[in-house]
Amino acid sequence: MKRSTVKELLSATEKNKEVLLKGWVRTRRGNNQVAFIAVNDGTIIHNIQVVADLTTFPEELMKRVTTGSSISVTGTLVESMGKGQTVEIQASKLEVLGDSDPEVYPLQKKGHSFEFLREIAHLRFRTNTFGAIFRIRHALAYAIHKYYNDKGFYYLHTPIITASDAEGAGAMFRVTTLDLDNTPKNEAGEIDFTQDFFARPTNLTVSGQLEGELGALALSSIYTFGPTFRAENSNTPRHVAEFWMIEPEMAFCDIHDNMDLAEEFLKYLIKYTLDHCVDDLEFLNKMVDKGLLERLKFVLDHPFERKSYSEAVEILKQSGKLFEFPVEWGLDLQAEHERYLVEEHYKRPVILTDYPREIKAFYMKQNDDGLTVRAMDVLFPMIGEIIGGSQREEELVKLQNRMKEMNIPEDELWWYLETRKFGTVEHSGFGLGFERLIMFITGMSNIRDVIPFPRTPRSAEF
Ligand code: 4AD
Ligand code: MG
């Protein structure tokens, strides 16, 4: 017989038929006549109840049906008399596939802390919370591809290993095959990268944007969706060293079109989850964050505020709030500032534009004031910055001058500059941090809990 999933069984319309179930035991209760076994197989948040008449199953076998063990059950799917479930399985055959010693299985009790569960990230998938999060993560990944495919964007695979530093952040992971105990040296006594695998220094990418621009300047609209890496030593609930980013890039598109896309895209993803992940969201709303569903619907129903960085700085200065970090025109905004603007002042998502050029990357389009660039950051409640993007500088000379000012060698980016030499056009794009999006949609407050295996400073277990 073909195995049925818990998801299929719980929505089955045909009752009183024989079924085969396989899954993991979540809990077991009962008396000396009958055992009620709650089984979950991860296909849905709910368990299905298996009823086993103890007179028909040997005691030795039933002893092995413990929390965490895996079982196979053949039986009849019947309507349930019990509270909280519509159907259950009356077992006629039961087999233990894998034992789980109750003395040592770490997921016995309910209500483990997220910190503890991080230490057993290999098993935390088996909890309700992490089952819900990773089903939602999957649904969002699918929805992202669907959104762009339906809009006629092409999915472009940008390289993971690169020789360029797209953000100029200088926080990159080196990729090398050199023997670190015995690195070859050149005449000046520096490491001789000509002997390395690529014959030059290379790193893990911090962003697919620069290569994405090359694609957009031929295919019109592209997006990337892949892992990116940042070696910043920031131990915050919003930073990981390995995260996934979605980066659309569009030719013939200015910053206003870019903002429109960002807002429509975020709302589409929230709506998609509300439509397709109801059970998981309701669970998270109940157990993790009581304001979750309300917040999601609120963001869906209200237009994002669009303001300039300069306006935001004025508001922060006049707020009378004591911030930990200073607020001054020219300084970057910190998470506490962003969250004040969103949660206390505007009380809705905010898109800030026209940041000082000194705090933004070289490729952003320069405004005529000589002070600001056409940057845009989307700020969200609970999260702060969820999207960073900009209109790009499409004028060759301006771009070259800015690179000179920032000491970015032209010969490293000659290929990028050529798109401005040959048929340059207005274009824009942005990057959405996938994990920050999932934090917002699940209500989880630590980024380490929305990626299966988080990579953070001093931590790369599993
Ligand atoms: O603002 P960022 O650095 O922008 C870029 O990388 C641009 N090249 C994107 C583009 O225009 N195509 O990063 C974009 C987003 C941030 O808004 C944030 O959501 C996320 O990526 N992000 C991180 N998420 C988790 N951990 C980190 N260390 C992150 N750094 C950035
Ligand atoms: Mg940013």
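**View 1. Strand S12 and its two partners.** In this predicted model, strand S12 and strand S17 (residues 427-433) run antiparallel and are joined by five bridges. One spot to look for is Glu249, whose bridge partner in S17 is Gly429. How many of the 10 residues of S12 are buried? Eight of them are, so S12 (residues 242-251) is largely enclosed by the rest of the structure. While you trace the strands, here's a handy rule: in a regular strand, side chains alternate between the two faces of the sheet.

View 2. Three strands make an open sheet here, in the order S8-S10-S9, with antiparallel pairing. Which strands sit at the edges? They are strand S8 (161-162) and S9, and each of them pairs on one side only. S8 and S10 run antiparallel and are joined by two bridges. To spot the link, find Thr162 and look for Asn203, its bridge partner in S10.

View 3. Is Thr205 buried or exposed? Its relative accessibility is 4%, and the cut-off for buried is under 20%, so Thr205 counts as buried. Now look for Glu167: 38 residues separate it from Thr205 in sequence, while their C-alpha atoms are 9.7 Å apart in space.

**View 4. A nonpolar patch on the surface.** Four residues make up this patch: Ile160, Ile161, Phe197 and Phe198. Together they have about 380 Å² of accessible area. Where does Phe198 sit? You'll find Phe198 in the loop between strand S9 (174-175) and strand S10 (202-204). With 38% relative accessibility, Phe198 counts as partly exposed.

**View 5. The largest pocket.** Rolling a probe the size of a water molecule over the atoms shows where empty space is left. The largest pocket has a volume of about 1500 Å³. It has 50 lining residues, and Arg26, Ile45, Asn47, Lys110 and Asn128 are the ones nearest its centre. Several strands and helices each supply at least two lining residues, among them strand S2 (17-30), strand S3 (34-40), helix H3 (114-119) and helix H7 (278-287). Which element gives the largest share of the lining? That's H4, with six residues.

View 6. Most residues other than glycine have a negative phi. Asp354 isn't a glycine, yet its phi is positive, at about 55°. Look for Asp354 in strand S14 (residues 350-356). Its relative accessibility is 24%, so Asp354 counts as partly exposed. Asn407 isn't a glycine either, and it has a positive phi of about 55°. This one lies in the loop between helix H11 (396-405) and helix H12 (414-421). Why does Asn407 count as exposed? Because its relative accessibility is 69%, and the cut-off for exposed is over 50%.

Conventions
Residues numbered from 1 in each chain as written. Chains lettered and ligands numbered in written order. Predicted model: local features only at pLDDT ≥ 70, side-chain atom pairs only at ≥ 80, totals over all residues. Heavy atoms only, no water. Patch = residues over 30% accessible without salt bridge, like charges linked within 9 Å, V, L, I, M, F, W, Y side chains within 5 Å. Areas by Shrake-Rupley, 256 points an atom, 1.4 Å probe, with all protein chains shown as cover. Salt bridge = Lys/Arg side-chain N within 4 Å of Asp/Glu carboxyl O. Helix = DSSP H or I, 4+ residues; strand = E, 2+ residues; numbered from the N terminus. Buried < 20%, exposed > 50% of the residue type's maximum accessible area, 1.4 Å probe, protein only. Pairing = 2+ DSSP bridges. 1 Å grid on protein atoms, 1.4 Å probe; cavity = no way out; pocket = protein on both sides within 12 Å on 5 of 7 lines; lining within 4 Å. Points joined across faces, edges and corners; volume = space filled by probe spheres on them.
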